[in-house]
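Hello,

Here is the structure we talked about. Please open it alongside this note.

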Amino acid sequence: MYQHLEEPIPPLSDTLPTLSSRVEEVILKALAKKPEDRFPSVQAFAEALEEASKAPPSGTQLLLYRGHSSAPFTLAWSPDSSRIASGYYDKTVQVWEVNSGRLLLTYHGHSNRVNTLAWSPDGSRIASGSQDNTVQVWQAE
C-alpha cells in the first residue's frame, strides 16, 4: 500500500518511447496520487488531452540536445523516427531518444571526426564514416 501511495509513477516514455512529453504530462496528471492534483473533471482531462495531442505550430523548437564536447557534423534519423544518431568532431557517434532528448549510447572508435551516418533499414545498426578513412558499423539496440 505504501508503494502505491508514495512511489512516483515511472515515466511512460520508458515503455512507449514515441509518446510525446505533452501527452505524457496530461496522463500523469490524470493518474496523480493525490486527488487534488488530478483534473477536476473528465471534460477537463479530455480537453487537455486533445490540446496536448495537437501538432505544435511549424517552426516550434521541440527539444534541445546538449552535452557534447564538440559540434555535431552529421545527423541521421532511425527508420522508426524514435532515435537520432549524431556524428561529431570529437570522433564519437551518439544516439539520442527523440521524445525525451535522453542520450542512449555513445560509440568511440574513430580517430578523426565522423562525417556521415546511416541506419540499417531495420534500425538495429548504424554505419559511421570518418575522416580517418574508415567505416564502422555499430550495434544500435
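Start at N133, in the loop between strand 6 (125-130) and strand 7. Keep in mind that this is a predicted model. N133 is not a glycine, yet its phi is positive, about 70 degrees. Most residues other than glycine have a negative phi. N133 is exposed, with a relative accessible area of 74%.

S81 also has a positive phi, about 65 degrees, and is not a glycine. Look for S81 in the loop between strand 1 (72-77) and strand 2 (83-88). S81 has a relative accessible area of 43%, so it counts as partly exposed.

Next, the aromatic rings. The structure holds 3 aromatic pairs. One of them joins Y107 and W138. Their ring centres are 4.8 Å apart. The planes meet at 25 degrees, and stacking requires under 30 degrees, so this pair is stacked. Y107 belongs to strand 4 (residues 103-108) and W138 to strand 7 (residues 135-139).

Last, charges over rings. The charged end of R113 sits over the ring of F73, 4.3 Å from the ring centre. K29 places its charged end over the ring of F39, at 4.7 Å from the centre.

Best wishes

Terms used
Residues numbered from 1 in each chain as written. Predicted model: local features only at pLDDT ≥ 70, side-chain atom pairs only at ≥ 80, totals over all residues. Heavy atoms only, no water. Phe/Tyr/Trp six-rings, centres within 6.5 Å; stacked < 30°, edge-to-face > 60°. Helix = DSSP H or I, 4+ residues; strand = E, 2+ residues; numbered from the N terminus. Lys NZ or Arg CZ within 6 Å of the ring centre and 35° of its normal. Buried < 20%, exposed > 50% of the residue type's maximum accessible area, 1.4 Å probe, protein only.
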